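Please keep the sequence and the structure in view while reading.

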Amino acid sequence: MKKFKSVILKIFSPCLPLIIIFCIASAALLTCVFVNGYEQSVIAYVSYVFSAYTLVAVSLKIRATKEIKKLKI
């Protein structure tokens, strides 16, 4: 279970420069999707998932990283 916890922490707690790059990429992808009218295409759904991942990573980086490390799973 500790290995699972460490894998989850590594996935959802990337370093700060990587999070900044993810935020910029998510904004660019979503802008392209909505400006060009690709709301129902595959690229739209990929960008939605990437944006959701970025939101989770940012939220954990800001608030919950310390709390997750304290959990005893």
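V33 has a relative accessible area of 1% and is therefore buried; buried stands for under 20% relative accessible area and exposed for over 50%, with partly exposed in between (1.4 Å probe, protein chains only). The model is a predicted one, in which local features need pLDDT of at least 70 and side-chain atom pairs count only at pLDDT 80 or more, while totals for chains, interfaces and linings use all residues. Residues are numbered from 1 along each chain as its sequence is written, and side-chain values use heavy atoms, with hydrogens and water left out.

**Around V33**

V33 is part of helix 2. Helices (H or I, at least four residues) and strands (E, at least two) are DSSP runs, numbered from the N terminus. Leaving out residues up to four places away in sequence, V33 touches Y38, E39, I43, A44, S47 and Y48; a contact means heavy atoms within 4.5 Å.

S47 belongs to helix 3 (residues 42-70). S47 counts as buried because its relative accessibility is 0%.

L30 also has its place in helix 2. Between L30 and F50 there are 9.7 Å in space, C-alpha to C-alpha, and 20 residues in sequence.

S26 is another residue of helix 2. With a relative accessibility of 5%, S26 counts as buried.

| Residue | Residues in contact |
|---|---|
| S26 | F50, S51 and T54 |
| L30 | S47, Y48 and S51 |
| S47 | L29, L30 and V33 |

**Helix 2 as a whole**

Which residues of helix 2 are buried? They are I19, F22, S26 and V33. These residues lie on the same side of helix 2, because they cover an arc of only 55 degrees around the axis; the arc is that of the directions from the helix axis to the C-beta atoms. An α-helix has 3.6 residues a turn, so residues three or four places apart point the same way. P17, I21, I24 and V35 are exposed, on the other side of helix 2.

Helix 2 covers residues 16-36, and at 1.5 Å a residue its 21 residues should span 30 Å, which agrees with the 30 Å between its end C-alpha atoms. The expected span is 1.5 Å times one less than the number of residues. After helix 2 comes G37, with a positive phi near 75 degrees.

**The whole chain and its surface**

The protein has 3 helices and 0 strands, and its elements run α-α-α from the N terminus on. Of its 73 residues, 18% count as buried. Among the contacts with a separation of 6 or more, 63% come from residues 24 or more positions apart.

Accessible areas come from the Shrake-Rupley method with a 1.4 Å probe, and for residues only the protein chains shown count as cover.

On the surface, M1, F4, V7, I8 and I11 form a nonpolar patch with about 470 Å² of accessible area together. Patches are made of residues with over 30% relative accessible area and no salt bridge, where like charges are joined within 9 Å and nonpolar side chains (Val, Leu, Ile, Met, Phe, Trp, Tyr) within 5 Å. A salt bridge is a side-chain nitrogen of Lys or Arg within 4 Å of a carboxyl oxygen of Asp or Glu. F4, one of the patch residues, is found in helix 1 (residues 2-12).
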